[in-house]
Amino acid sequence: MKFKTRTATCLTILSAMACNAQNIRFLYDSAGNRIKREIVFERQSKTQKSSINTHSVSLSNKDIKITSSPTDGMLKVDISGIGKDDKCIIYIHNALGIEIYSSTYISSTLELDLSSQPRGIYILSIMINGDFSSWKISKI
């Protein structure tokens, strides 16, 4: 069952790719509910200024703040209110569903370096106390 879910997710993500990507994109269903969010790393020329993008969301009564730097491929995850009793796991998968990063989150800040990874689509998944959320990360 997990294989079918991951395969369907990967196919959906690959079919949703667009040429002119923004830094943070949202997709909504016909009722106006947000069904998808994605963070896009854009390759910039040396003459363009670097911009830091931040996205905040709440999951399992914890505030999650994701900060990305499109020029260097750095991704910073801050989870406020996380305690020793909370179970938090962070995963990053590539577009093929291969796990490239996994960690049990125990501190308030985690910095992830995607600069060594090739351009492509990645999925950042966070699970806190059984509640799950994911973000599409495009490194272009």
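The dialogue below moves from the whole chain to single residues.

Q: What should be known about the model before reading it?
A: This is a predicted model, in which local features need pLDDT of at least 70 and side-chain atom pairs count only at pLDDT 80 or more, while totals for chains, interfaces and linings use all residues. Residues are numbered from 1 along each chain as its sequence is written, and side-chain values use heavy atoms, with hydrogens and water left out.

Q: What average pLDDT does the chain have?
A: The term pLDDT denotes the predictor's confidence in each residue, from 0 to 100. The chain averages 76, and 71% of the residues score at least 70. Over residues 14-22 the value is below 50, and this stretch has eleven contacts in the model beyond near neighbours in sequence; a contact means heavy atoms within 4.5 Å. Where pLDDT is low, the predicted coordinates should not be read in detail.

Q: How many helices and strands does the chain have?
A: Helices (H or I, at least four residues) and strands (E, at least two) are DSSP runs, numbered from the N terminus. Here there are one helix and ten strands, in the order α-β-β-β-β-β-β-β-β-β-β from the N terminus on. Among contacts between residues at least 6 apart in sequence, 49% join residues at least 24 apart.

Q: What percentage of the residues count as buried?
A: Buried means under 20% relative accessible area, exposed over 50%, and partly exposed in between, using a 1.4 Å probe and protein chains only. Of the 140 residues of the chain, 39% count as buried.

Q: Which residues touch the most other members of the largest nonpolar core?
A: In soluble globular proteins, nonpolar side chains tend to be buried together. A nonpolar core is a set of buried Ala, Val, Leu, Ile, Met, Phe, Trp, Tyr and Cys residues joined through side-chain atoms within 4.5 Å. In this chain the largest one has 22 residues, of which I64, I79, L124 and I126 touch the most other members. Several strands each supply at least two residues of this core, among them β3 (53-59), β4 (62-69) and β6 (88-94). The largest share, four residues, comes from β9.

Q: Is I64 buried or exposed, and which residues does it contact?
A: I64 lies in strand β4 and is buried, with a relative accessible area of 1%. Leaving aside neighbours within four places in sequence, I64 is in contact with residues including V57, L59, I79, I126 and W135. The C-alpha atoms of I64 and D78 are separated by 5.7 Å, although these residues are 14 apart along the chain. I126, in turn, touches residues including I64, I79, I90 and F132, not counting residues up to four places away in sequence.

Q: Which strands pair with β6?
A: Two strands pair if DSSP finds at least two bridges between them. β6 and β9 pair in the antiparallel sense over seven bridges, and five bridges join β6 to the antiparallel strand β7 (residues 99-104). The residue I90 has I126 as its bridge partner in β9 and S103 as its bridge partner in β7. Six of the seven residues of β6 are buried, so this strand is largely enclosed by the rest of the structure.

Q: Which residues form the covered face of β8?
A: The covered face of β8 consists of L110 and L112, whereas T109, E111 and D113 form the uncovered one. β8 pairs with β5 in the antiparallel sense over five bridges, and M74 stands opposite D113.

Q: Where is N61 found, and what is its phi?
A: N61 is found in the loop between β3 and β4. Its phi is positive, about 60 degrees, although N61 is not a glycine. N61 counts as exposed, at 77% relative accessibility. N129, in the loop between β9 and β10, also is not a glycine and has a positive phi of about 50 degrees; N129 is partly exposed, with a relative accessible area of 38%.

Q: How many salt bridges does the structure hold?
A: A salt bridge is a side-chain nitrogen of Lys or Arg within 4 Å of a carboxyl oxygen of Asp or Glu. The structure holds one, formed by K62 with D86, whose closest N and O atoms are 3.3 Å apart. The pair links distant parts of the chain, with K62 in strand β4 and D86 in the loop between β5 and β6, 24 residues apart. Both K62 and D86 are buried.
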